[in-house]
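Please consider the protein shown here. The paragraphs below it lead through selected features, from an annotated domain to individual backbone angles.

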Amino acid sequence: MLTPEENELLTRVTGDAPMARLMRQHWTPVCLIEEVEEPDGKPLRVEVLGESYVAFRDTKGRLGLLDELCPHRKASLVYGRNEECGLRCLYHGWKMDVDGNVVAMSSEPEGSPLMDKVKHRSYPVKEWGGFVWAWLGDKEDMPEFQPPAFAPREDSAIAILKIRIPANWAQIHEGQIDSAHSSSLHSSDMVPARVEGAAADEKSWYRPSTDKSPRMQTETTSYGFHYAAIRTPIKNAATHNYIRVTEFVAPYYSLIPPNNNYRVAAVIVPINDEETAFHFIAWDGPNVPSTEEWRKFTHAVPGVDVDDKWRCLRTVENDFLQDRDAMKEGNFTGIKGIPNQDIAMWVSMGARVQRHTDVLGASDLAIVEFRRLMADAAKKVAEGGKAIGTDYEIPQSMINSHEGVYPKDVDWRTLLNTSGKTAAAE
């Protein structure tokens with residue numbers, strides 16, 4: 001349980017809030033590459049940490065990220081003309097290139113010295129793993145971009161869905177690192193089966209356990225923390241444990257235990273205090289689905305399940321399109337798609353949970369660790385310290401989640417080597 005003051009530290013992510021300052025000490029995934037693929041295409045409004053930017057790809061294919069409002073009279077550049085290697089404001093014709101240089105001022109006399117005196121604010125960007133990453137902090141403090149765990153190589157196979165959710169980033173991340181809920185909320189899609197380990201096909205995910213009450217153990221790391229959810233397996237229940245190890249890599253993503261076909265990750269980026277960009281990812285395995293297949297499997301298809309702004313068409317107002325007849329026939333939630341089941345829970349809590357009033361149990365150990373870790377990390381930044389995860393003791397590309405059935409005398413920590421990569425993955 002957090003105090004109201006600690007909850008403010010955890011959930012406020014705009015302006016000069018300590019958590020916003022913490023996040024700006026990391027490269028931030030601000031949009032998908034697919035949203036800005038076309039040279040001279042439509043500019044994209046990018047909203048993150050309470051600020052608005054404009055992203056565009058110029059005539060030569062270079063990507064730019066600028067403050068949204070024109071430096072002249074503050075009209076939005078999202079409506080500008082993307083042409084001839086620059087973004088031209090509609091209001092008076094001022095034009096900026098990807099580096100923020102003002103290259104034209106239609107409203108000013110030819111030869112005006114003003115053009116040499118004005119530069120619009122631009123931000124360093126990196127395209128990697130399906131995302132556009134931006135450095136939103138001070139440029140003099142910018143570290144080298146580090147590949148994330150879910151895209152260790154530039155050509156890593158990856159499938160991504162995106163949904164804009166009217167809920168604070170912290171309650172979404174708590175949902176992603178909560179292994180206990182999956183045995184109830186997702187029980188119609190994560191089906192107990194007599195399999196050797198987690199498995200998946202085009203219909204469902206399968207798990208070798210019917211145990212709905214995992215025993216939790218956590219361990220803090222330099223990049224965040226990892227924890228094990230330990231369940232009784234269907235086979236060899238007297239002698240073995242089913243172990244699922246989840247990784248939280250502060251501040252933006254979690255690595256969820258894999259199945260036999262691919263690994264899973266969640267990337268969670270605050271838009272503001274009450275909205276979040278949620279990304280659910282399949283990556284690295286013998287059968288990583290295409291993005292189209294992944295979005296169909298998870299019921300997150302643009303134009304069908306989400307609108308052109310990535311907002312979910314299942315809402316509080318339409319009860320998330322819950323099918324009560326399907327529930328009578330055995331479907332646990334009546335809501336199609338694993339992410340949509342989560343979203344219904346996150347949004348139903350209200351836009352920003354007041355954590356001093358909730359009641360936690362033994363299965364919430366990872367939630368307690370997340371809250372403690374990130375509230376303390378925000379306090380450290382407020383006092384002038386470095387953000388969690390910026391020491392790079394372990395390259396993120398070496399971190400991995402894990403799952404499997406093991407004899408009861410096996411300590412889950414021995415399944416991970418000191419680099420953070422699962423021993424079984426080596």
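The description begins with conventions and then turns to the domain, the cysteines, a helix and the backbone.

This is a predicted model, in which local features need pLDDT of at least 70 and side-chain atom pairs count only at pLDDT 80 or more, whereas totals for chains, interfaces and linings use all residues. Residues are numbered from 1 along each chain as its sequence is written, and side-chain values use heavy atoms, leaving out hydrogens and water.

An unreviewed UniProt entry lists residues 27-134 as "domain: Rieske"; such annotations may be inferred rather than shown by experiment. The end C-alpha atoms of this span lie 6 Å apart, and its content is 4% helix and 40% strand (DSSP runs, H or I of at least four residues for helices and E of at least two for strands, numbered from the N terminus).

The structure holds 0 disulfides, a disulfide being a pair of cysteine sulfur atoms within 2.5 Å. Cys-89 is in no disulfide, and its nearest cysteine sulfur, that of Cys-70, is 4.0 Å away. Cys-89 is buried at 4% relative accessible area (buried means under 20%, exposed over 50%, partly exposed in between, with a 1.4 Å probe and protein chains only). Cys-312 is also buried, at 12%.

In helix H1 (residues 4-11), the buried residues are Asn-7, Leu-9, Leu-10 and Thr-11. Their cover includes helix H2 (18-23), helix H4 (169-176) and helix H9 (365-382), where contact means heavy atoms within 4.5 Å.

Turning to the backbone, a cis peptide bond with omega of about -5 degrees joins Ala-250 and Pro-251. Pro-251 is found in the loop between strand E17 (240-249) and strand E18 (253-256). Leu-49, although not a glycine, has a positive phi of about 50 degrees; Leu-49 is in the loop between strand E2 (44-48) and strand E3 (51-57).
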